[in-house]
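Please read these notes alongside the model. They cover strands first, then aromatic rings.

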Amino acid sequence: MKGLMLIKSPMSQIAVLLLLILAVPLVAVYVPSVVGSLSPLPVVFQGGTTYPASSVQFDQVALDDTSVGLPQITNVQVLDFDGNGANEVLACDSLKNQVVLFRQVDGEWQEEVLVPDVAAPAHATAVDIDSDGDLDLVVSVLGNILPDDSVIGRVELFEATPDGYRRHVILDDVRRVADVQPADFDGDGDIDLAVAVFGYSRGSVLWLENRGELKFRDHLLHTAPGTIHVPIADYDGDGDLDIAAIVTQDEEELWGFENLGQGEFKKRRLWMTINHDLGSAGLVQADLDGDGDPDLILPAGDNLEDLDAYPQPYHGCYWFENQGDWTFQIHRISDLGGTYAADVGDFDSDGDLDVVLASMTNNWNRTDTASLVWLENDGQQNFTTWQIASDPIHLVTVAAGDLDGDGSDDIVAGALNLRKPFQRVSRVSAWINQGEGKQ
């Protein structure tokens, strides 16, 4: 009772309050340290960061060693653009708002600007859209590399002419466009287009019907934000070309659009996950198991919207094995943290397709963290991960192809640096395949 009476007096209450003000911080610091010494700290996920060094040797080359500032390359491709029998590298640069071509001249890589002024290009598709014998460029225009739900997207066609490229806007009044792929969907002999409208809060999948004279009519296939890629193949083996799409914003879903002929499609949801943080980052079609039908390869690790992008246990690469009748079986084939891009090639020259992966957001505080790896396919679709590089970092796009004409697949990758660390920077880099055991 006496103690209670003391607390009731105003001076005593003030004294107790001051004591608590001093004591609470001390307890907050001391007690956890004592408790922590009695029990182990929780394990933080450390997978998906480093791997054994590749037994296939690659020589790294910077295709552009004079660029300054932080790179914003959105796409790279390996193709014979000029038809001279040697492959070049086609790239989209959203910082410079350009589509560029890298080619070797007398053993040195040189850069040529093909399209000098296009607002944040996401992808450039080289295709002879007007059937006149040369390659035109169909550019997927984001309008803004950063999140934006405004109507700023476009599909722009750059028609190849003797005097250079002539611009035609074939789709506007849409949100950010991330991908365009060509095919004759309606069987009338000309090239139509599949379009991924990423947007942000709103988006869609479209196909553009070629009406002739570089005019197109758009048809809606699906409404959903976050569509990244729309790879085209005959997924059901019925002789016509279908569309696949990965949707990533509100949901994480894989969709197929079955071509029924005459420009009609039936949409099918092929897969979904309740893990909305998976971070699907793209979609590649390839016959990974060599059974004659196209499979799908999904890189997953886009966590740019997180305050602190860090490798997660579910990041990596997923192979969707085509089992026929629009059924795909999912296999996880890599755990690379922050996986943002994938492509396929035969890097060990053993006759089957391997996979190359690039990482954008990994544990870059470690200088040995993998930014580029390849997955060796043993022919039975068992994959071993081999580390190619830990520098440069922030890689968002990767492509495979023979760059030096020796018959083996090389690798090219582009970087997009939007967050720390602002180091180990390179705009576009290549890794030239030297074969197994060579230095």
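Two strands pair if DSSP finds at least two bridges between them. Strands (E, at least two residues) are DSSP runs, numbered from the N terminus.

1. Basis. This is a predicted model: local features need pLDDT of at least 70, side-chain atom pairs count only at pLDDT 80 or more, and totals for chains, interfaces and linings use all residues. Residues are numbered from 1 along each chain as its sequence is written, and side-chain values use heavy atoms, with hydrogens and water left out.

2. Strand β27. Buried means under 20% relative accessible area, against over 50% for exposed and partly exposed in between (1.4 Å probe, protein chains only). Asp 410, Val 412 and Gly 414 point one way from β27. Ile 411, Ala 413 and Ala 415 point the other way. Both sets are buried, Asp 410 included.

3. Neighbours of β27. Strand β26 (residues 395-401) runs antiparallel to β27, joined by 6 bridges. Leu 395 has Ala 415 of β27 as its bridge partner. Strand β28 (residues 428-436) is also antiparallel to β27, with 4 bridges. There, Ala 413 is partnered by Ser 429 of β28.

4. Strand β10. Residues 177-183 form this strand, which is mostly covered: 5 of its 7 residues are buried. β10 pairs with strand β11 (residues 192-197) in the antiparallel sense, over 6 bridges. Asp 179 stands opposite Ala 196 in β11.

5. Aromatic pairs. The structure holds 7 of them. Rings of Phe, Tyr and Trp (its six-membered ring) pair if their centres lie within 6.5 Å; planes under 30 degrees apart count as stacked, over 60 as edge-to-face and the rest as tilted. Tyr 235 and Trp 326 have ring centres 6.2 Å apart and planes at 50°, so the pair is tilted. This pair links distant parts of the chain, 91 residues apart: Tyr 235 is in the loop between β14 (232-233) and β15 (242-247), Trp 326 in the loop between β20 (316-322) and β21 (328-334). Tyr 235 and Trp 326 are both buried.

6. Phe 347 lies in the loop between β22 (339-345) and β23 (354-359), and Trp 374 in strand β24 (residues 372-377), 27 residues apart. Phe 347 and Trp 374 are both buried. With Phe 58, they form one aromatic cluster.
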